[in-house]
Every structure is written in structure tokens, then in C-alpha cells.
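Colleague: I am new to this one. Please show me the structure, and then I will ask about it.

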Amino acid sequence: MSLFDDAREVIAGGVNSPVRAFAGVGGEPVFFKRARGAWLEAEDGRRYIDYVGSWGPMILGHTHPAVVEAVTETTRQGMSFGAPCVLETRMAEKIRALMPSIERLRMVSSGTEATMSAIRLARGHTGRDTIIKFEGCYHGHSDSLLIKAGSGALTLGVPSSPGVPAALAEHTVTLDYNDTEALDAAFESLGERIACVIIEPIAGNMNMVPAEPGFLTRLRELCSRAGTVLIFDEVMTGFRVAKGGAQSLLGIEPDLTTLGKVIGGGMPAAAFGGKQTIMTSIAPDGPVYQAGTLSGNPVAMAAGLATLEHLDRPGFYESLDRLTGEFVSGLAELAEAAGIPLAVEHAGGMFGFVFTEDAPIRRFEQVAAADVERFRAFFHGMLDEGIYLAPSAYEAGFVSAAHGDDEIAKTLDAAKRVFAKLR
Ligand code: KE4
């Protein structure tokens with residue numbers, strides 16, 4: 001019996017989140033027992049350079065001393081009060097300082113909760129039911145958003161999940177990412193009926209697909225004109241692509257932002273927030289209900305705060321962007337030398353690569369048409385070399401501040417050998 005066999009005896013599918021099951025690449029998932037910096041250690045003692053980083057949270061690298069100390073010390077004082085504590089205020093102040101569009105926020109425990117709550121808030125605030133999302137974007141697994149979703153839903157081939165009532169799904173309109181004409185047409189026909197548009201300002205759940213500048217500018221204009229709430233889902237890009245998230249890179253201010261991953265520093269913490277005029281509709285101030293037993297949990301706040309305080313240091317993002325850029329351009333050069341078409345993208349510590357000659361990637365259908373078999377072979381080749389990449393062709397990858405020139409060099413050496421086998 002393997003560890004995965006044991007897990008499957010008691011855990012649905014053997015995993016607590018589907019994308020971990022290696023269904024997208026074949027084979028059995030690696031079970032890890034410890035991590036440090038840029039490295040993971042498996043139960044069998046093998047060590048891997050980690051480019052998943054727990055799907056984004058581990059931007060400082062694993063077991064950063066400042067984060068471990070903050071968690072340890074806070075735990076000693078108390079793990080959860082179910083009552084306000086000052087750490088929550090400090091966390092909200094820190095997030096607002098880094099992302100000024102967030103005038104008020106509410107902490108929750110997962111990105112799914114954050115986006116689900118933001119959608120309900122937008123519907124309650126506007127009195128409208130219709131929402132717009134984009135094919136290939138993933139915003140967690142709440143019912144209204146599991147329509148043509150990316151990430152694990154796409155990996156498993158169920159972008160629109162069973163179990164979502166048609167009566168609810170009909171209120172979700174799905175458009176093509178970067179299709180400005182479709183956007184204009186949707187607002188032309190639906191306009192004042194649209195409660196909100198939710199979008200990943202840099203998509204990371206259909207591999208990495210940047211929004212084209214004009215597309216988001218047009219979206220902002222259309223939402224403002226129609227009184228539609230613009231929600232930037234920055235669960236992945238928040239404090240990952242830049243200190244102020246994708247919105248600071250793009251110079252576009254959403255009405256609401258959802259956050260997660262990095263703000264928990266590896267602990268369960270996420271948030272939604274934005275204009276006070278909208279957030280005032282959330283209970284207890286307003287009628288839109290939202291709640292959570294462990295929302296703002298002190299230990300998670302301590303981990304998140306220690307992480308965010310570290311990101312605020314001079315040169316942090318410049319260095320992360322340089323290293324990630326060197327990594328993906330090195331990958332592209334090696335692939336080209338091996339005669340293998342590879343499209344790459346990166347922003348800050350987030351990157352993507354797609355086996356296709358149809359570059360640059362700006363549409364979901366380009367990703368859908370890419371060579372997934374070659375991705376699978378590359379994934380396993382790299383895994384055998386001790387490099388842990390996201391086990392899905394539809395995910396982004398992440399470099400941490402703990403990755404250095406040595407890790408990148410080792411990774412590119414491995415890629416050269418693997419590309420040679422893929423020719
Ligand atoms: P969680 O509920 O998994 O904390 O967050 C949902 C979510 C919301 N928005 C965006 C942009 C996201 O990327 C996510 C979650 N990302 C996936 C990986 N792409 C989480 C990994 C998993 O599902 O196990």
C-alpha cells in the first residue's frame with residue numbers, strides 16, 4: 001500500500017484539494033513532511049526545489065524564521081478568541097497601507113469565502129442578480145463561480161460543476177478573457193442588470209495569461225457607467241506580482257478586491273474589501289450577511305503580518321522579479337535550443353509556461369489548444385530531477401524570496417536534460 005492508497009481509504013480522492021492528486025499529470029502525488037526556504041522534503045527523504053509554494057502563499061519561502069517566531073509566540077498567548085483582537089486591526093491597517101483601494105475589509109479563511117462574500121455583497125449592494133466572470137478564471141468553488149472555471153476544475157475536465165442549480169447558474173454570464181468586443185456586447189444588452197464583474201487582473205488559473213491593457217481599462221469604464229461593482233480577484237496576484245498587487249501594476253482601481261494566499265503566510269487567511277460605500281452594506285453595519293468562526297484568527301494574522309512586513313522591505317519585488325524573469329527566459333532559451341515551442345510569462349514572483357508556438361498567450365483557447373502531453377512529460381522529467389512544478393498545465397508557478405541563483409541554475413540544468421529527452 002502506498003501513502004496515497006492509505007489516504008484514499010479515508011480521504012475523498014486521497015487529497016483535500018483535487019489539483020493535488022496528480023490527475024492532471026498522471027502518477028501518484030508526492031507526500032511531503034517538511035520544508036525549508038525554497039526546498040521541500042518528501043516522506044522518502046527526497047528533496048525538491050519548490051515552484052508551487054503551496055499555490056502562492058510561501059512568498060518568503062518555507063519556515064521563514066520571522067513567520068515561525070510570530071506564529072509560535074502568538075499561539076502561546078491564545079489560538080482563537082472568537083472575539084476582536086488587535087492583531088486583526090493591525091492586519092487590516094497593513095493591507096490598506098499596501099493596497100489603498102481597500103478602505104474597509106473583512107477577513108475570512110479562504111479565497112473561496114472571500115470571492116463568495118464579495119459576490120453576495122455586490123448583489124446585495126446593487127439589488128441585481130447577474131454576475132460576469134471569464135472562462136478559465138478560477139475564483140474558488142462557490143456555486144455561482146463554478147461556471148467554466150479554471151484551475152482544478154479545468155484540470156479535471158469539469159469547468160462547470162454538477163451540483164450547481166441551473167436556476168443559480170443562469171445568473172452567471174461567462175465571457176472570453178481579453179475579448180473587449182464581448183465585454184461591450186454584454187454591457188450593451190445587460191448593463192444595469194449586472195451586479196458585478198469578477199476577474200483575475202492577471203489570470204493564473206488557465207496557466208498565466210496577462211490581461212491586455214485596453215481590456216481592463218474598458219472594463220473599468222463600463223462598470224463605472226453601469227453602476228456595476230468591479231471586483232479584482234487578487235487572491236493569487238495580491239502582494240505576489242507587486243507590493244500593491246496587480247492593481248498597482250495596471251493603475252486600475254477596482255471597487256472591491258479579494259485577497260488570500262500571501263496574506264496568510266501559509267495559514268488560512270483571506271479577505272475581501274474596498275470602497276467604504278460598498279462595505280457599509282456588510283453585517284453588522286448593513287443587511288448583507290457574512291460571518292466566520294475563525295475569521296481574523298490571531299495565529300493566522302500573526303503569520304500574515306510577519307509576511308507582509310517582510311515584503312515591505314526596499315528591493316524585495318525588484319529582486320523577486322529579476323530572479324523569476326531570469327528563470328523563465330532561461331527556460332525559453334533552453335526550449336528553443338531543443339527545438340521545442342514554449343511560451344513563457346512572468347510578473348513579480350509569478351510565472352507561467354505553455355508548450356505552444358502560438359505566443360504570446362492572451363486567450364483561454366490558446367491554452368486549451370496547447371500540448372498537454374508534452375507538459376506532462378516535462379513535469380515528470382523535472383520531478384525525477386528533483387524539481388517540483390505545479391502538477392497541472394492550467395496553473396501558474398511561483399518563485400519565493402528564498403530561491404537564489406543556485407536554485408535557478410540547478411533548475412535550468414535539469415530543464416536542459418529534460419528538454420533533450422522531449423525532442
Ligand atoms: P482558496 O479557496 O483555494 O483559498 O482560494 C480560491 C481562489 C480564488 N481566487 C483565485 C485567483 C485563486 O487562484 C484561488 C485558488 N487557487 C488555487 C490554485 N490555482 C488553489 C489550489 C487548490 O485549489 O488546491
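Modeller: Phe-272 lies in strand 12 (residues 270-274); strands are DSSP runs of E, at least two residues, and helices are runs of H or I, at least four, numbered from the N terminus. This is a predicted model: local features need pLDDT of at least 70, side-chain atom pairs count only at pLDDT 80 or more, and totals for chains, interfaces and linings use all residues. Residues are numbered from 1 along each chain as its sequence is written, and side-chain values use heavy atoms, with hydrogens and water left out.

Colleague: Is Phe-272 buried or exposed?

Modeller: Buried means under 20% relative accessible area, exposed over 50%, partly exposed in between (1.4 Å probe, protein chains only). Phe-272 has 1% relative accessibility, so Phe-272 counts as buried.

Colleague: How far apart in space are Phe-272 and Gly-111?

Modeller: In sequence, Phe-272 and Gly-111 are 161 residues apart. In space, C-alpha to C-alpha, the distance is 8.8 Å.

Colleague: What area is buried between domain 1 and domain 2?

Modeller: The domain assignment, automatic or from a database, gives domain 1 (3-59 + 314-422) and domain 2 (65-310). Buried area is the accessible area (1.4 Å probe) that two parts lose on being put together, summed over both. Carbon and sulfur atoms give 65% of a total of about 2,800 Å².

Colleague: Which element gives the largest share of the side of domain 1 that touches domain 2?

Modeller: Elements giving two or more residues there include helix 12 (316-337) and strand 13 (343-347). The largest share is five residues, and it comes from strand 14.
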